[in-house]
Amino acid sequence: DIQANRLTVAPRREAHATLVLTLRDVHEINPGSLTDGRTYDVRFRYRQTLMEGTLIRKDGKASLQLVDPVLYASSGQTVAFYDSGECLGGGIITSA
């Protein structure tokens, strides 16, 4: 919780798994390189194994629909979008 300057830690058995991440500040390295509704390889931790997720942008809001649930996604983390190993851009997680 950024506003409260609070970090929450929980045992793995109590961790929240999610399939949808809400994003802000989605940035494209080359404008037009990210296509809405397309599935990309994504990661939100350094050296994390790439996961698949679909970028959805609608009414000025963005979200990432993951193929597999993810544990421990947190507000403030960066999501990077890849295509064939090339980083196309990223965004900031606002909620998981």
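Biologist: What percentage of the 96 residues in the chain is buried?

Modeller: Buried residues account for 33% of the 96 residues. Here buried means under 20% relative accessible area, exposed means over 50%, and partly exposed lies in between, with a 1.4 Å probe and protein chains only. Please note that this is a predicted model, in which local features need pLDDT of at least 70, side-chain atom pairs count only at pLDDT 80 or more, and totals for chains, interfaces and linings use all residues. Residues are numbered from 1 along each chain as its sequence is written, and side-chain values use heavy atoms, with hydrogens and water left out.

Biologist: How many helices and strands does the chain have?

Modeller: There are 0 helices and 6 strands, and from the N terminus the order is β-β-β-β-β-β. The radius of gyration is 13 Å, close to the 12 Å that the globule rule gives for 96 residues, so the chain is as compact as a globular protein of that length. That radius is taken over C-alpha atoms, and the rule is 2.2 Å times the number of residues to the power 0.38. Helices (H or I, at least four residues) and strands (E, at least two) are DSSP runs, numbered from the N terminus.

Biologist: What does the C-alpha trace span along its principal axes?

Modeller: The trace spans about 40 × 25 × 20 Å. The accessible surface comes to about 6,400 Å², and 49% of it belongs to carbon and sulfur atoms. Those areas come from the Shrake-Rupley method with a 1.4 Å probe; for residues, only the protein chains shown count as cover.

Biologist: Among contacts between residues at least 6 apart in sequence, what share joins residues at least 24 apart?

Modeller: That share is 58%, where contact means heavy atoms within 4.5 Å.

Biologist: Take L64, then. Is L64 buried or exposed?

Modeller: L64 counts as buried, because its relative accessibility is 0%. L64 is placed in strand 4. Leaving aside neighbours within four places in sequence, its contacts include L19, V20, L21, L23, V42, V79 and F81.

Biologist: And what is V79 in contact with, beyond its neighbours within four places in sequence?

Modeller: V79 is in contact with L21, L23, V42, R43, F44, L64, G89, G90, G91 and I93.

Biologist: Next, T22. Where is T22 found?

Modeller: T22 is found in strand 1 and counts as partly exposed, because its relative accessibility is 30%. Leaving aside neighbours within four places in sequence, T22 is in contact with A62, S63, I92, I93, T94 and S95. T22 and S75 are 53 residues apart in sequence, with 8.9 Å between their C-alpha atoms.

Biologist: A change of topic: backbone angles. What is phi of N5?

Modeller: Phi of N5 is near 55 degrees, a positive value in a residue other than glycine. N5 lies in the segment before strand 1 and is exposed, with a relative accessible area of 74%. Most residues other than glycine have a negative phi, and most peptide bonds are trans.

Biologist: Where is D59, and what is its phi?

Modeller: D59 is in the loop between strand 3 and strand 4. D59 is not a glycine, yet its phi is positive, about 55 degrees. At 70% relative accessibility, D59 counts as exposed.

Biologist: Lastly, how far apart are the mean positions of the positive and negative charges?

Modeller: The mean positions of the 11 positive and 11 negative charges are 7 Å apart. Lys and Arg count as positive and Asp and Glu as negative, while His and the chain ends are not counted. Each charge is placed at NZ of Lys, CZ of Arg, CG of Asp or CD of Glu.
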